[in-house]
Amino acid sequence: MTVRSILDEKGYDVQTIRPDATLREAVEVLAEKRIGAIVVTDAERRVVGILSERDCVRVIGNDGPGRLDDTVATVMTSKVVTADGNETVHQVMEHMTAGRFRHLPVVQGGKLLGIISIGDVVKHRLAEMERESHAMREYIMST
């Protein structure tokens with residue numbers, strides 16, 4: 001199973017924000033859309049960063065609500081690990097576990113294609129395991 005199969009099922013819609021937007025704007029999008037991260041892109045839809053709710057909580061907790069007027073670029077993670085559509089679910093799980101992050105932008109040809117979360121990966125993996133289990137039961141019953 002590949003990243004593309006997850007995106008085919010969940011969809012390719014992804015929330016983005018400009019690096020010059022304020023942290024306040026980003027927090028409003030995160031809250032309104034009920035999402036855990038937002039991808040920071042440039043005008044050509046290239047990934048330049050990612051901002052998670054953890055990033056927001058950390059900076060506001062450490063420095064106070066005055067930071068809400070800072071730009072996203074000052075808070076975002078700029079060294080973003082990405083995946084391409086051909087990577088396997090297993091490879092993505094390894095990236096997320098090793099990097100201790102829950103959201104992974106999917107890039108193709110240098111442009112943002114979608115985003116997957118650890119929840120998407122787990123859901124996909126559980127469905128795969130259920131299909132395998134069902135096939136095994138069918139095989140056992142047929143012999």
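**Notebook: cores, sheet and pockets**

I started with L51. In this predicted model, L51 touches L23, A26, G36, A37, I38, V40, C56, V72, V75 and M76, leaving aside residues up to four places away in sequence. I took contact to mean heavy atoms within 4.5 Å.

I noted the ground rules next. Residues are numbered from 1 along each chain as its sequence is written, and side-chain values use heavy atoms, without hydrogens and water. Local features need pLDDT of at least 70 and side-chain atom pairs count only at pLDDT 80 or more, while totals for chains, interfaces and linings use all residues.

**Cores**

I looked up the largest nonpolar core, which has 14 residues. Such a core is a set of buried Ala, Val, Leu, Ile, Met, Phe, Trp, Tyr and Cys residues joined through side-chain atoms within 4.5 Å. Buried means under 20% relative accessible area (1.4 Å probe, protein chains only). I17, L23, L51 and V72 touch the most other members. Two or more residues each come from α2 (23–33), β2 (37–41) and α3 (53–63). The largest share, three residues, belongs to α2. Helices (H or I, at least four residues) and strands (E, at least two) are DSSP runs, numbered from the N terminus. I also found a second, separate core of 11 residues, with I6, A83, L104 and I116 among them.

**Sheet**

I followed β2 into an open, mixed sheet of three strands in the order β1-β2-β3. β1 (16–17) and β3 stand at the edges with a single partner strand each, so one side of each has no neighbour in the sheet. β2 and β3 pair in the antiparallel sense over five bridges. Strands pair if DSSP finds at least two bridges between them. I checked V40: its bridge partner in β3 is G49.

**Pockets**

I turned to the largest pocket, which is lined by 16 residues. On a 1 Å grid over the protein atoms alone, a pocket is an open set of points where a 1.4 Å probe fits, with protein on both sides within 12 Å along at least five of seven lines; lining residues have an atom within 4 Å of a point. I50, S52, F101, R102 and H103 lie nearest its centre. β3 (47–52), α3 and β4 (103–108) each give two or more lining residues.

The second largest pocket is lined by 15 residues. Nearest its centre lie K10, D13, Q15, I35 and I115. β2 and β5 (111–117) each supply at least two residues of this lining.

Technical notes
Buried means under 20% relative accessible area, exposed over 50%, partly exposed in between (1.4 Å probe, protein chains only).
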